[in-house]
Amino acid sequence: MKPQAPSAFPDGFQLQAQELPQCVGDYAHRAIQKYVDHICRQEKGVLSHRDPEFLHQMRVGLRRLRTVCGAFDFAIALPDTVSDRALKRLGKTLGRMRDLDILQSWLKRYACQSTLKKSEKKVLRTLNRALEKQHKKCVTQTDKLLCSKAYKRLFEALKQWLQQPQYQLGASLPLAVVLPDLQLPTIGQLLLHPGWLVVDNKEPKQLKQVHALRKQIKGVRYQMALFREFYGDGYKAQVNTFRQMQDVLGELQDEVVLQSFLTKTLGAKWAKKMPSLDNYLQRQQQQLWQQWLTLRQPYLSLTKRDTLHRLFLTPS
């Protein structure tokens with residue numbers, strides 16, 4: 001039987017109101033169960049290599065699992081095998097494959113939308129061959145990883161913990177009591193990030209700060225998605241705003257990855273070989289950067305920051 005293409009992963013931990021656990025430990029257990037099940041459902045699809053969406057969904061599940069484990073580390077006692085480092089390493093390996101999938105898709109769309117000279121079409125074929133070669137190598141690495149003893153030990157340990165969970169004292173606290181304390185520190189770290197202050201997208205060092213900010217926005221969004229059922233419409237709207245920010249910055253990062261690939265494959269003067277692509281990328285980057293500047297501007301004001309802090313203080 002062929003694996004079925006996965007549906008989009010829901011942006012939140014959905015339970016019916018009457019099912020919502022009252023204490024931290026129970027909620028953490030249910031969230032970990034949800035994401036472990038989600039990751040494991042993707043395995044056959046990833047190994048079949050028929051649809052890159054399986055890989056994407058596995059990565060999303062891993063990131064959300066890391067978020068849960070980090071948010072509730074004061075309340076749960078996971079086995080040593082289940083470390084943030086192990087989950088991060090797994091996600092990084094899958095990330096290399098995902099980057100190649102995105103590059104292949106990006107170049108395919110560009111070729112369909114653009115009128116290229118013969119010389120540029122030739123260069124594009126060179127790029128596609130280089131991507132295919134790297135992709136085959138990543139397929140081997142991914143298969144090896146998902147069939148490895150380390151991977152199996154990690155998820156066996158998680159499943160064993162789910163059957164016989166071990167907790168710390170904080171697990172007995174009412175969830176509603178700790179929700180502000182769980183979230184306000186991460187919001188404070190996010191708002192203090194220097195990436196908000198970057199206004200020039202031409203400086204590589206500053207762009208790295210923006211890329212780091214994107215990761216932090218993503219982490220906060222995932223954490224907020226865990227608790228959206230406990231808050232009102234304003235909270236849910238903020239989750240969506242952070243998602244919009246993440247999407248815009250993600251597109252900018254995709255183009256940084258693409259330019260890095262072009263430089264490695266064609267050399268530092270790749271723009272002379274692909275002038276239409278260079279022009280297209282410059283236009284795209286400018287549009288995306290303007291979108292980002294508009295989105296980030298309110299978060300430099302005291303009023304917006306105060307509103308954001310208050311948002312977490314009043315679970316419904």
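Trainee: Are Tyr-27 and Phe-230 buried or exposed?

Mentor: Buried means under 20% relative accessible area, exposed over 50%, and partly exposed in between, with a 1.4 Å probe and protein chains only. Tyr-27 and Phe-230 are both buried, and Phe-72 is buried as well. Please note that this is a predicted model, in which local features need pLDDT of at least 70, side-chain atom pairs count only at pLDDT 80 or more, and totals for chains, interfaces and linings use all residues. Residues are numbered from 1 along each chain as its sequence is written, and side-chain values use heavy atoms, leaving out hydrogens and water.

Trainee: How many aromatic pairs does a search of the whole structure find?

Mentor: Rings of Phe, Tyr and Trp (its six-membered ring) pair if their centres lie within 6.5 Å; planes under 30 degrees apart count as stacked, over 60 as edge-to-face and the rest as tilted. The search finds 14 aromatic pairs. In one of them, the ring centres of Tyr-27 and Phe-72 are 6.5 Å apart with planes at 65°, so this pair is edge-to-face. Tyr-27 and Phe-230 are also edge-to-face, because their planes stand at 75°, with centres 5.4 Å apart. One aromatic cluster is formed by Tyr-27, Phe-72, Phe-227 and Phe-230.

Trainee: How many disulfides are there?

Mentor: A disulfide is a covalent bond between the sulfur atoms of two cysteines. Here it is counted as a pair of cysteine sulfur atoms within 2.5 Å, and the count is zero. For Cys-23, the nearest cysteine sulfur belongs to Cys-69, 17 Å away.
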